[in-house]
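Let us read a protein model together, one feature at a time. Each question below is followed by a general idea and then by the case at hand.

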Amino acid sequence: MNLRNVLIVNIASLAVALCVAPIHAQSVSDDPVLKSWTKQTAVTACGECHYGGSTGANNPFAKSSDFCRLDEMKFWLNYDKHAIARRRVEPLSSTEVRAQIEFIVNKLNADATQWLGESNILSKRICDKLGYEVNTRDGYAKFRDNCLTCHGGYRGDVNSEEKLGFDMPNQLDPLISQPGISCNFCHQEGDKDSWIEQHASKRAGNDWRVKAPEEKSAAGMRDLVNTVNQASLCLDCHIGNRDNNQFVTHEMYAAGHPPLPSVEVHTFCDQMPNHWRTLSELHDSLAQSDTRDKYFAVNFPQLLGGSSKIDAGKMFWNTREMLLGAIAARIKVTDLLIDSATEERWGDYALYDCAACHHELREPSARQLRGYAGAPGRPRQHEWPEPLLNAALWLSGLQQSAVGYEQQLAQEFSIQPFGKADNVTSLASGLKRSLEAALRAAEKQPIDARKAVTILKLLAETPSEQLLTYDAARQLAWGIQTIAAELKSEGTNIPAAIQTAIDSLLDPNATGIETQLPSGRDVFVYPKNLEVDLVRRAEYDLSAFVLRLGSLRSLLGS
């Protein structure tokens with residue numbers, strides 16, 4: 001019997017082991033999230049090692065936590081909304097919500113406030129407006145195919161075993177279906193699962209740890225150590241991927257879907273919060289391991305070798321993730337333009353900057369003072385990727401080609417609304433090639449404290465015309481926050497005046513920009529956080545943000 005089968009056979013013993021560990025003030029046996037996930041064999045098998053930590057009864061690495069914390073699953077279930085992303089959007093009427101809450105309270109003696117809420121009622125209203133009759137099998141399939149691709153990790157092309165749990169939920173037992181994003185959705189390539197035995201086997205031990213990423217991927221383990229791979233996976237949902245049917249259309253927005261916010265990969269992971277060790281933390285935790293140097297060398301051969309060699313412990317990994325993520329985000333937006341050049345997809349307003357139409361009308365207007373790239377009133381591309389993209393392209397040294405394509409695209413959109421599909425596709429394809437070249441070049445560039453300060457200065461020099469929208473300004477704030485935090489954590493002394501200027505820039509009461517995300521399992525985006533967010537967007541004061549950015553720029557230049 002192979003290890004995977006052994007793990008699955010031991011599910012019952014795992015469930016018993018889990019039930020003695022506390023989550024918040026409840027025992028696990030009373031926690032509806034864990035109760036639901038223990039019905040998923042693959043996830044429960046992961047918990048054999050990654051829930052109980054060093055005390056896991058069936059964990060072959062009970063005394064070896066230098067590489068993994070061994071509480072990843074527990075942390076994910078406890079704090080990460082992804083674990084219940086589907087539960088939050090199951091389309092339910094107010095009556096159905098009350099009935100399911102009553103079921104959870106009475107049968108599990110559990111608090112259902114983290115489980116269901118007004119977001120479920122909103123989801124039902126959206127489905128009704130879109131014509132998804134979710135109380136029928138065909139109607140629920142439309143919801144599954146268009147919504148659960150992001151909110152539930154549904155893939156129509158995976159094997160039949162993985163499709164289980166994506167049919168209509170059993171209303172008599174709402175815990176049967178898959179509640180959100182599973183471990184394997186992120187960590188496994190499709191249905192290739194031979195990696196499970198290889199990475200979990202004690203015999204493999206350190207040998208698996210230092211295998212080349214390509215070898216692990218061939219066995220089915222997704223290479224999430226690679227920042228570009230990680231960013232692309234996250235951005236499929238948080239920006240869109242037409243191939244996977246992951247795209248929030250303007251029709252969905254009109255039906256009531258909340259605005260999809262801008263995304264900065266490092267900040268989103270950090271505040272999710274991440275349930276893994278960052279590369280800096282991993283470097284420290286492997287201090288006594290003879291595999292540390294080999295692990296970093298095999299995963300970053302071009303970055304840590306050659307004439308630009310830098311010690312992995314001195315690398316500013318978070319700043320690197322932020323910059324590579326910025327290029328990856330622009331590539332993902334560009335992909336949407338390319339993949340939307342069909343008759344039925346072309347001209348969807350969701351491909352363009354929402355705030356170009358949906359903004360407060362003021363006089364005088366910063367928009368009018370800035371002027372227009374082309375004809376006034378033309379739909380503009382999303383502007384939020386620009387501030388961080390500039391610094392990322394500088395790091396690559398290949399900004400000229402990308403900037404040229406960006407200018408040509410702006411001109412094309414000015415000639416007529418949305419441009420001509422063929423022309424946009426050609427220009428967007430050229431832009432994508434130039435961005436991919438820049439991304440490959442940026443991946444090879446080491447970032448130390450000195451270069452991080454240079455990048456901080458570049459961000460502080462961002463012109464005000466690129467900060468007109470709330471999302472663009474927040475991207476810049478997140479970038480500055482990431483660099484400043486990493487400088488501090490790596491022991492760089494930041495002068496008090498500069499730290500004060502950064503704190504002022506990041507103060508939502510001073511600039512109107514909120515850098516904290518509504519993270520945590522007990523937080524609902526809708527309606528409370530959405531209401532606050534919409535008010536901030538409406539009241540965003542460009543002049544206040546630019547004033548404080550100017551103060552920081554002056555101090556950094558002195």
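**Reading the model**

Of the 558 residues in the protein chain, 49% count as buried, where buried means under 20% relative accessible area, exposed over 50% and partly exposed in between (1.4 Å probe, protein chains only). This is a predicted model, in which local features need pLDDT of at least 70, side-chain atom pairs count only at pLDDT 80 or more, and totals for chains, interfaces and linings use all residues. Residues are numbered from 1 along each chain as its sequence is written, and side-chain values use heavy atoms, with hydrogens and water left out.

Q: How many helices and strands does the protein chain have?

A: Helices (H or I, at least four residues) and strands (E, at least two) are DSSP runs, numbered from the N terminus. The protein chain has 31 helices and two strands.

Q: Which residues of helix H8 are buried, and what covers them?

A: In helix H8 (residues 137-146), the buried residues include Gly-139, Tyr-140, Ala-141, Phe-143 and Arg-144. The cover over the buried residues of H8 includes helix H7 (118-130) and helix H9 (148-151).

Q: At what angle do H21 and helix H23 pack?

A: Two packed helices are described by the angle between their axes and the distance between the axes. Axes are lines fitted to C-alpha atoms, for helices over the stretch in contact, and angles run from 0 to 180 degrees between N-to-C directions. H21 and helix H23 (residues 386-396) pack at about 110°, with their axes 8 Å apart. H21 is therefore roughly perpendicular to H23; angles under 35 degrees count as roughly parallel, over 145 as roughly antiparallel, 65 to 115 as roughly perpendicular and the rest as oblique. The contact (heavy atoms within 4.5 Å) involves Met-322, Leu-323, Ala-326, Ile-327 and Arg-330 of H21, and Leu-388, Leu-389, Ala-391, Ala-392 and Leu-395 of H23.

Q: How do the axes of H23 and H24 cross?

A: The axes of H23 and H24 come within 8 Å and cross at roughly 140°. That makes H23 oblique to H24. Leu-389, Leu-393, Trp-394 and Ser-396 of H23 make the contact with Gln-399, Ala-402 and Glu-406 of H24.

Q: How many aromatic pairs are there?

A: Rings of Phe, Tyr and Trp (its six-membered ring) pair if their centres lie within 6.5 Å; planes under 30 degrees apart count as stacked, over 60 as edge-to-face and the rest as tilted. By this rule there are 15 aromatic pairs. The rings of Phe-75 and Tyr-79 have centres 4.7 Å apart and planes at 50°, so this pair is tilted. Phe-75 and Tyr-79 are four residues apart in helix H5 (residues 72-79), which separates them by about one helical turn. Phe-75 is partly exposed, at 23% relative accessible area, and Tyr-79 is partly exposed at 33%. The rings of Tyr-352 and Phe-413 have centres 5.7 Å apart and planes at 90°, so that pair is edge-to-face. Tyr-352 is buried, and so is Phe-413.

Q: How many disulfides does a search of the whole structure find?

A: A disulfide is a covalent bond between the sulfur atoms of two cysteines. Counting a pair of cysteine sulfur atoms within 2.5 Å as a disulfide, the search of the whole structure finds zero. Cys-46 is in no disulfide, and its nearest cysteine sulfur, that of Cys-183, is 4.2 Å away.
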